[in-house]
Amino acid sequence: MSQIPFSSPRDTFTLVGGVKIPCIGYGTWQTAPGMTADCVAAAIDAGYTHIDTAWVYGNEPEVGEGVRRSGRARESLFITTKHWVTERGYEKTKTAIDTSLKNLGLDYLDLYLIHWPCVEKLRPDWAEVNGDTWRAFEEAQRAGKLRAVGVSNFQEKHLRALFDVCSIRPAVNQIEFHPGYTQPETVRFTQEHGMVAEAWSPLGSGAVLKAPVLGEIAAKYGKSPAQVCVRFALEHGVLPLPKSTDPARMAANLDVFDFELSAEDRARLTNLTPSGFSTYLPEDAPADAIA
Ligand code: A2P
């Protein structure tokens, strides 16, 4: 059995630097245009205090509208967005941060992430490019525009190269993580170096939910396959960002604090035949085609 130090979705991980981040977030990737504001407002109603978006999702204005519509105090919510690959480098990144703040209608972000690392295959000076982007992140954090800064889809070598040049360490590494695709080396490296690992597509974009093993395990605990996936991430110390457009599912995906997976069931989920894998890898994917 694996206990987790949380009993509510509003319980927090503490990021390096002391910022607290709610242990489950609401993801907004692939929510149909025109639906995001309603979804974000409904998610906040359902109990989410942590919302994750990205410039490339094209929904930052709608996320901001959903936040305002919720009527919640700004400081009671945790909002993350991400820097896109076309905006790499110091000067462009400074502008990208201001653009995202304006899109969201916010004075500050709780967390800002490099969405994908620049990699060797794209540019021989990839490490320098990531370092230049990061310098603008650090400056914006010092200026109070970003409470915490981090990365997404970084593997060990990308993180090591950033550590060599940064003066503020990344607080988070957000990666694809779900039953059958758990990137154990990257999760281990991330956590051993004081970062919080976050899971995008913790439900394998819905595809994983259909796996018979997942159905069997879910029935055993009297929970749904989606709840098992959310719990599975938390039991790995990984912060899940499930998404749903359905208010009842949004709420159900937070109801994961009344059961614990056995070590055997966790292993079965870890070793599940991969399904729901996005196929996005930092070294292989064409940089402009990946979100
Ligand atoms: P829907 O929006 O219709 O609920 P991920 O978070 O891994 O990207 O997965 C999101 C997908 O999983 C969406 O297609 C979403 O569909 C579906 N989903 C989310 N929560 C549940 C749930 N509790 N039961 C079934 N499907 C779900």
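Q: What volume does the second largest cavity have?
A: A cavity is a set of points, on a 1 Å grid over the protein atoms alone, where a 1.4 Å probe fits but cannot get out. Grid points are joined across faces, edges and corners, and the volume is the space filled by probe spheres set on the points. For the second largest cavity that volume is about 60 Å³. The model is a predicted one: local features need pLDDT of at least 70, side-chain atom pairs count only at pLDDT 80 or more, and totals for chains, interfaces and linings use all residues. Residues are numbered from 1 along each chain as its sequence is written, and side-chain values use heavy atoms, with hydrogens and water left out.

Q: Which residues line the second largest cavity?
A: Lining residues have an atom within 4 Å of a point. Here they are W116, N153, F154, Q155, I175, E176, Q183, W200, Y280, L281 and P282. In the classes used, Ala, Val, Leu, Ile, Met, Phe, Trp, Tyr, Cys and Pro count as nonpolar, Asp, Glu, Lys and Arg as charged, and the others, Gly among them, as polar. By that scheme the lining has seven nonpolar, three polar and one charged.

Q: How many cavities of 30 Å³ or more does the search find?
A: The search covers the whole structure and finds two. The largest cavity has a volume of about 120 Å³. Its lining holds 16 residues, and W29, Y57, K82, Q174 and W200 lie nearest its centre. Six of the lining residues are nonpolar, seven polar and three charged.

Q: How much space lies in the largest pocket?
A: A pocket differs from a cavity in being an open set of points, with protein on both sides within 12 Å along at least five of seven lines. The largest pocket holds about 400 Å³. Its lining consists of 20 residues, with L203, K243, S244, T245 and R249 nearest the centre. The lining divides into nine nonpolar, nine polar and two charged residues.

Q: Which residues come nearest the ligand?
A: A residue is near a molecule if one of its heavy atoms lies within 4 Å of it. There are 14 residues around the ligand, and L203, K243, S244, T245 and R249 come nearest.

Q: Is N253 buried or exposed?
A: Buried means under 20% relative accessible area, exposed over 50%, and partly exposed in between, with a 1.4 Å probe and protein chains only. N253 is buried because its relative accessibility is 4%. Helices (H or I, at least four residues) and strands (E, at least two) are DSSP runs, numbered from the N terminus. N253 sits in the loop between helix 9 (247-252) and helix 10 (263-270). Contact means heavy atoms within 4.5 Å. Not counting residues up to four places away in sequence, N253 touches I24, Y48, L203, A226, V230, P242 and S244.

Q: Which elements do the buried residues of helix 2 pack against?
A: Helix 2 covers residues 60-70, and its buried residues are E60, E62, V63, G64, G66, V67 and S70. These pack against helix 1 (36-46), strand 4 (50-52), strand 5 (78-83) and helix 3 (90-104). G71 follows helix 2 and has a positive phi, near 75 degrees.
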